Amino acid sequence: MKTPENTSQNNKFGNWLKYSATTRMLMVGFLVIILLIPLSYIKNLIEERAYRQKDVVNEINEKWGNNVLVYGPILKIPYKSYTETKTYNNITKTYLKETQTHIKHAYIFPEKLNTSVNVNSKTLNRGNFESAVFTSKMDFTGHYTPINLESKGIKPEDIIWNKASVIIETSNLKGIKSEIQLKFNNKTYNFETNLNERKNTDLDVLESNYINQENYLQNNNTEFSFSITFNGSKQIQLIPIGKTTQMQMVSNWADPSFIGNYLPNDETKQISKDGFKADWKVLHINRAFSQQHLKNIPNLKQFAFGTKFMVMVDEYQKSERSAKYGFLVIGLTFLIFFLIQTLSKINIHPFQYLMIGVALTMFYTLLVSISEHSNFLKAYLIAGTSVIVLITLYAKSILKTYKFPLFISLSLAALYTFIYVIIQLENYALLVGSIGLFLILASVMFVSRRIDWNNG
């Protein structure tokens with residue numbers, strides 16, 4: 001049987017649960033944690049769509065042409081190497097000497113290598129996805145100094161001059177769009193693929209016909225020139241094998257990213273909305289390899305430099321960055337409702353908080369789905385406006401007044417605008433975000449002074 005004392009205690013406990021600021025704070029915090037579950041699923045959805053985009057882009061690039069890396073031209077010169085074996089004859093009590101001749105190769109890099117690259121970029125679409133691809137024309141000129149391998153222990157008479165050739169290695173054999181003809185000392189030579197040369201590299205090898213120019217190779221500077229036209233994607237790189245290597249690149253791509261071991265000349269580099277111009281100069285003293293190599297062509301991919309042709313921040317990256325602020329959006333929105341509820345003494349049921357949180361998470365699914373069919377700004381405006389209107393109308397039905405829903409609407413608009421600005425920024429995102437959060441914290445601290453925490 002309930003006594004008046006027990007009834008009074010139950011009423012006090014019920015009133016504490018209903019009106020206590022501490023209880024409401026714990027309830028709001030619990031709901032924020034619960035809403036992290038659908039937020040995590042949304043992040044997984046964004047990652048899944050991003051992976052799908054990468055698969056489609058890779059498929060487009062595979063058909064059009066992959067990244068471009070050029071390693072060459074390399075002069076390949078065969079030479080004779082000798083080994084001597086001794087066999088003991090028990091009958092004559094003497095050693096018989098036998099000399100074996102082996103054919104090996106020396107690989108010579110040019111004295112000067114100058115490369116002029118003209119890149120025309122465009123986008124290819126498949127469904128909702130697009131990829132940036134390009135067609136590049138690369139013109140190579142330069143010269144070799146007279147060949148002297150005596151420093152490597154190779155005598156001139158052991159060199160097989162009439163079987164010398166020129167090698168070019170590339171990562172994008174499929175993307176080559178025209179025949180390559182080498183002009184070597186004013187004579188023209190064609191290239192063919194050579195699988196036998198692929199020993200320590202994943203690059204494809206092109207080798208010219210035999211160059212039978214013994215006198216020039218031994219006694220004169222030998223000029224060369226050739227051109228390669230590639231269909232490619234992602235990036236263009238060159239390995240600086242010239243004792244002096246220069247590269248000039250011109251393109252209509254407005255957002256280049258210069259990559260590799262060497263950066264272009266900052267004084268002559270030009271970047272605008274219509275494209276860019278850049279040039280590089282690499283001296284032999286800037287890299288740690290010599291101009292002559294025996295046995296095999298060394299793997300020098302770590303010395304490559306060039307330009308990356310990719311979108312800096314795509315729609316899924318922006319959506320993913322936006323979703324990372326989901327906890328902040330939900331937490332601050334709940335905090336606004338909590339402050340309104342505490343200061344105005346209007347009761348808001350936990351279920352109503354939950355509905356508001358679900359509406360906030362819907363912003364991200366709307367953003368991802370709409371951005372696949374439109375640009376990110378338009379998708380962000382549509383998703384943000386839809387969620388703000390929905391929460392404002394719902395708040396009107398809860399709070400039974402106009403001023404609080406209007407304040408909530410303006411607060412959400414300011415918050416989504418703040419997040420959008422942070423997403424667009426790259427170098428100043430951390431600075432702007434820190435200042436914005438500091439101002440938000442200061443505002444909350446100022447408003448919360450009016451709350452009587454002692455009664456909670």
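Which side chains meet in a salt bridge at 3.4 Å, N to O? The side chains of Asp266 and Lys269 do. The legends below describe this pair and other close-up views.

This is a predicted model, in which local features need pLDDT of at least 70 and side-chain atom pairs count only at pLDDT 80 or more, while totals for chains, interfaces and linings use all residues. Residues are numbered from 1 along each chain as its sequence is written, and side-chain values use heavy atoms, with hydrogens and water left out.

**View 1. Salt bridge of Asp266 and Lys269.** A salt bridge here is a side-chain nitrogen of Lys or Arg within 4 Å of a carboxyl oxygen of Asp or Glu; three are counted by this rule. Asp266 is exposed, at 59% relative accessible area, and Lys269 is partly exposed, at 29%. Buried means under 20% relative accessible area, exposed over 50%, and partly exposed in between (1.4 Å probe, protein chains only).

**View 2. Salt bridge of Lys76 and Glu207.** The N to O distance is 3.3 Å. Lys76 belongs to strand 1 (residues 68-89) and Glu207 to strand 8 (residues 204-208), so the pair ties together parts 131 residues apart in sequence. Both Lys76 and Glu207 are buried. Helices (H or I, at least four residues) and strands (E, at least two) are DSSP runs, numbered from the N terminus.

**View 3. Salt bridge of Lys137 and Asp139.** Their side chains meet at 2.6 Å, N to O. Lys137 is partly exposed, with 40% relative accessibility; Asp139 is also partly exposed, with 26%.

**View 4. Nonpolar surface patch of Phe30, Ile34, Ile37 and Tyr41.** Together these residues have about 440 Å² of accessible area, computed by the Shrake-Rupley method with a 1.4 Å probe, where for residues only the protein chains shown count as cover. Patches are made of residues with over 30% relative accessible area and no salt bridge; like charges are joined within 9 Å and nonpolar side chains (Val, Leu, Ile, Met, Phe, Trp, Tyr) within 5 Å. Ile34 lies in helix 2 (residues 21-64) and is partly exposed, at 33%.

View 5. Just after helix 7, Lys400 has a positive phi of about 60°.
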